[in-house]
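Q: Hi! Could you walk me through this model before I set anything up?
A: Happy to, here it is.

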Amino acid sequence: NHNHNHNNVSTPTMLTKFESKSARVKGLAFHPVRPWICASLHNGVIQLWDYRVGTVIDRFEEHDGPVRGVDFHLHEPLIVTGGDDYKIKVWDYKLRRCLFTLLGHLDYIRTVQFHPNATQFPWILSASDDQTLRLWDFQKRSCLSVLTGHNHYVMCAAFHPSEDLIVSASLDQTVRVWDTTGLRKKQLGGAGGADGGYPGMMDAQNGNRGNTSAAAATALNVQAELFGTNDVVVKYVLEGHDRGVNWAAFHPTLPLLASAADDRQVKLWRMSETKAWEVDTLRGHANNVSCCLFHPKQELVVSNSEDRSIRVWDVSKRVGVQTFRREGDRFWILAAHRSQNLLAAGHDSGMIVFKLERERPASASGPGDKLYYVRGRELFCHDYARATGGSSGVDVPIASLRRVGQQAQTDGIGSGPRFLSYNMHNPTEGNILVCSEVDGGCYELITFSLTNSGGSVTDGKRGSCLGPGVFL
């Protein structure tokens with residue numbers, strides 16, 4: 001494992017945007033557009049925070065006991081929560097009250113989620129210690145389907161962002177992927193009446209269900225009540241963890257899954273149309289891994305654990321690239337903002353909202369109304385003097401920067417240049433010092449022609465440094 005130890009050369013600090021102090025945070029959800037985060041606490045309180053201002057906007061206290069699951073609706077002013085009181089509550093945060101309670105689970109509720117395609121599907125998905133997942137229609141306030149198959153607590157369940165799939169993780173040591181196509185067709189009028197989604201009934205009648213007797217339909221409904229419907233079917237059962245699985249998450253676009261378990265491992269899985277298989281195991285956590293997710297913007301997996309650390313893993317290289325530690329607090333939950341580069345983690349005494357790296361590019365102004373800045377691996381000059389209608393100027397590429405550091409870098413976690421300085425003392429040519437904080441700090445000097453923007457760039461000195469370089 002010697003090649004993994006470079007992550008611990010320096011203790012990286014995340015870019016913390018906000019920290020709260022509270023009872024243990026078990027559930028977290030970012031508001032889709034406002035700078036809000038909802039935290040559900042072990043003491044039963046639900047806090048709505050503005051993480052930009054750092055204030056509690058509201059608090060909701062109706063659950064009896066810990067609240068482990070929380071989610072925001074995409075368009076409507078709704079929050080859903082699930083608690084140890086076996087209740088799912090839907091709240092209107094504009095009216096500042098609970099609208100209704102969904103009853104049916106027979107044990108603690110671990111996670112709740114609104115369907116990501118919120119306009120088409122008025123669905124809520126819940127996972128419970130009663131060993132089931134349930135799908136609810138929150139407009140009709142009724143249970144659509146009970147998903148049975150796990151034989152221990154279901155610790156988490158999540159919709160796929162774009163396909164008819166659900167993933168669940170359980171202490172029975174499996175991750176299950178479920179196909180909801182049948183339920184979608186039945187709910188959105190794709191299939192016939194009450195017996196929609198029952199295979200075998202169509203064969204005799206060539207798909208014409210018109211003459212199915214009312215008695216048969218009633219019998220089917222009774223069967224559905226007793227044994228659950230089969231409009232949701234298990235697609236894969238993923239076995240590989242040798243302890244209970246606490247979390248599983250879909251990749252936003254690729255057919256990948258990540259799972260986190262009490263065997264201290266994070267596993268990556270790949271899915272095809274017909275099967276799913278284990279791709280790799282990410283080892284490094286020293287205790288139960290509570291949660292994991294794919295970073296929405298970079299090819300990274302983020303996980304956190306009762307070992308009091310958050311770890312960042314490179315999906316393509318499949319190695320750990322960053323570790324953030326807390327003194328005394330175990331981590332329980334992670335959340336990612338759906339459109340901004342923001343993450344949140346809940347722990348024993350509150351939560352943090354953070355980024356893995358600064359998004360503001362390294363930049364420096366030069367003579368003649370020019371701004372030099374870095375985007376990706378390129379140095380650009382933004383020329384304000386050449387502004388035309390509607391634009392603030394023209395971007396001129398100057399040079400490609402080489403990657404720094406002994407090991408290959410991972411994009412998205414602070415491998416980019418941190419400082420630029422321009423040499424104002426040299427009127428004949430351009431000199432720029434590019435400084436990075438990789439491997440304790442290094443610099444590169446770039447020299448280029450000021451008159452011929454496409455002209456040659458001479459490769460200058462490079463070496464180690466601390467902090468930004470300056471020209472004297």
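Q: Thanks! What does the accessible surface of the protein come to, and what part of it belongs to carbon and sulfur atoms?
A: The accessible surface is about 21600 Å², and carbon and sulfur atoms hold 48% of that. Keep in mind that this is a predicted model.

Q: Good to know. How many helices and strands are there?
A: Two helices and 36 strands. The chain has 472 residues, and 53% of them count as buried. As for contacts with a separation of 6 or more, 47% are between residues 24 or more positions apart.

Q: Switching to charges. How many salt bridges does a search of the whole structure find?
A: It finds 19. As a reminder, side chains of opposite charge can pair when their charged atoms come close.

Q: Which residue does Arg24 pair with?
A: Arg24 forms a salt bridge with Asp348, and their closest N and O atoms are 3.0 Å apart. This pair links distant parts of the chain, 324 residues apart: Arg24 sits in the loop between strand 1 (15–21) and strand 2, while Asp348 sits in the loop between strand 27 (343–347) and strand 28 (350–355).

Q: Are those two buried or exposed?
A: Arg24 is partly exposed, with a relative accessible area of 23%. Asp348 counts as buried because its relative accessibility is 18%, and the cut-off for buried is under 20%.

Q: What about Arg59, who does that one meet?
A: The side chain of Arg59 meets that of Glu61 in a salt bridge, at 3.2 Å from N to O. Arg59 is partly exposed at 44% relative accessibility, whereas Glu61 counts as exposed at 51%.

Q: And which side chain meets Glu62?
A: That would be Lys89, again in a salt bridge with 3.2 Å from N to O. Glu62 is in the loop between strand 5 and strand 6 (67–72) and Lys89 is in strand 8 (residues 88–92), so the pair ties together parts that are 27 residues apart in sequence. Glu62 counts as partly exposed at 45% relative accessibility, while Lys89 counts as buried at 6%.

Q: New topic: where is Val232?
A: Val232 is in the loop between helix 2 (214–227) and strand 17 (233–239). Val232 is buried, with a relative accessible area of 9%.

Q: What does Val232 touch?
A: Leaving out residues up to four places away in sequence, Val232 touches Leu135, Ser145, Leu147, Trp178, Asp179, Thr180 and Leu183. If you want a distance to check, the C-alpha atoms of Val232 and Ile166 are separated by 9.4 Å, and these two residues are 66 residues apart along the chain.

Q: Last one, backbone angles. What is phi of Arg264 and of Arg308?
A: Phi of Arg264 is near 70°, a positive value in a residue other than glycine, and phi of Arg308 is also near 70°. Arg264 lies in the loop between strand 19 (256–261) and strand 20 (265–271) and is partly exposed at 42% relative accessible area. Arg308 lies in the loop between strand 23 (300–305) and strand 24 (309–314) and is partly exposed too, at 32%.

Technical notes:
Residues are numbered from 1 along each chain as its sequence is written. This is a predicted model: local features need pLDDT of at least 70, side-chain atom pairs count only at pLDDT 80 or more; totals for chains, interfaces and linings use all residues. Side-chain values use heavy atoms; hydrogens and water are left out. A salt bridge is a side-chain nitrogen of Lys or Arg within 4 Å of a carboxyl oxygen of Asp or Glu. Helices (H or I, at least four residues) and strands (E, at least two) are DSSP runs, numbered from the N terminus. Buried means under 20% relative accessible area, exposed over 50%, partly exposed in between (1.4 Å probe, protein chains only). Contact means heavy atoms within 4.5 Å. Accessible areas come from the Shrake-Rupley method with a 1.4 Å probe; for residues, only the protein chains shown count as cover.
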